[in-house]
Amino acid sequence: MPKAFRSLLSQGLAIDVLHDPNSPLDEADPRIGAYMDLARDFPRFRFKKGVPPDRLAQASSVYDYGLLLFDYDASGVRISESQRKGVVATKIFTYFEAGLPVLVNAEYEEMARIVTENGLGLAIHSRDLDRVAAKLSLFDYEKSVQNIHAFNERHGMDKEIGRLVDFYAQLGVK
């Protein structure tokens, strides 16, 4: 993510990272060193105190986009091909709950399909990270927000609970 974030920030975009609310932010932690470098180099990159999961959609709703985007390097990724093709990060649904269009990796095929077929944001290929600002300038944000509201109406728990119960029944779960 730091490499992708650097590209986005270099294009003039701003990024806030909501930190795990159950873990203190330790600037000396080597796992976040690259992010501390970004915060030093770009005033539009900030770490903010996170919130519990039940408050994440509300806390996220003040932003323009939800972000699940990184520089995907197939040679260094430790996931299977079936995961790459089928994974759907649950965070996108939190972003949809917040009414936010999302920016996701096109390399994650199922997640990209859901986003693009429903007009819920943009699927960005890693090779296009340096053109995200240009893509956003052409993106119909308002239409995407309308699509998200319609998607949420069609796929809310009250509409989908039957499918979930049936799925569990097929698994033999009571």
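**Confidence.** Before reading anything else, I reminded myself that pLDDT is the predictor's confidence in each residue, on a scale from 0 to 100. I need that here, as this is a predicted model. I found a mean pLDDT of 91 for the protein, with 100% of the residues at 70 or above. Where is confidence lowest, and where is it highest? I found the lowest mean, 82, in helix H4 (residues 81-86). Strand S5 (residues 121-124) has the highest, at 98.

**Strands S1 and S2.** Next I looked at how S1 (residues 15-19) meets S2 (residues 45-49). The two strands run parallel and are joined by 5 bridges. I looked up histidine 19 and found its bridge partner in S2 to be lysine 49.

**Salt bridges.** How many salt bridges are there? I get 11, and I looked at three of them.

- Arginine 131 pairs with aspartate 128, with N and O 2.2 Å apart. Aspartate 128 counts as buried because its relative accessibility is 12%, under the 20% cut-off. Arginine 131, at 41%, is partly exposed.
- Arginine 40 pairs with aspartate 41, and their closest N and O atoms lie 3.2 Å apart. Arginine 40 has a relative accessible area of 59%, so I noted it as exposed. Aspartate 41, at 35%, is partly exposed.
- Aspartate 158 and lysine 159 meet through their side chains, at 3.5 Å from N to O. Aspartate 158 is exposed at 63%, while lysine 159 is partly exposed at 48%.

I also noted a network: Arg6, Asp37, Arg40 and Asp41 are joined by salt bridges that share partners.

**A nonpolar patch.** Which residues make the nonpolar patch of about 740 Å²? I listed Met157, Ile161, Leu164, Val165, Phe167, Tyr168, Leu171 and Val173.

Terms used. Residues are numbered from 1 along each chain as its sequence is written. This is a predicted model: local features need pLDDT of at least 70, side-chain atom pairs count only at pLDDT 80 or more; totals for chains, interfaces and linings use all residues. Side-chain values use heavy atoms; hydrogens and water are left out. Patches are made of residues with over 30% relative accessible area and no salt bridge: like charges are joined within 9 Å, nonpolar side chains (Val, Leu, Ile, Met, Phe, Trp, Tyr) within 5 Å. Accessible areas come from the Shrake-Rupley method with a 1.4 Å probe; for residues, only the protein chains shown count as cover. A salt bridge is a side-chain nitrogen of Lys or Arg within 4 Å of a carboxyl oxygen of Asp or Glu. Helices (H or I, at least four residues) and strands (E, at least two) are DSSP runs, numbered from the N terminus. Two strands pair if DSSP finds at least two bridges between them. Buried means under 20% relative accessible area, exposed over 50%, partly exposed in between (1.4 Å probe, protein chains only).
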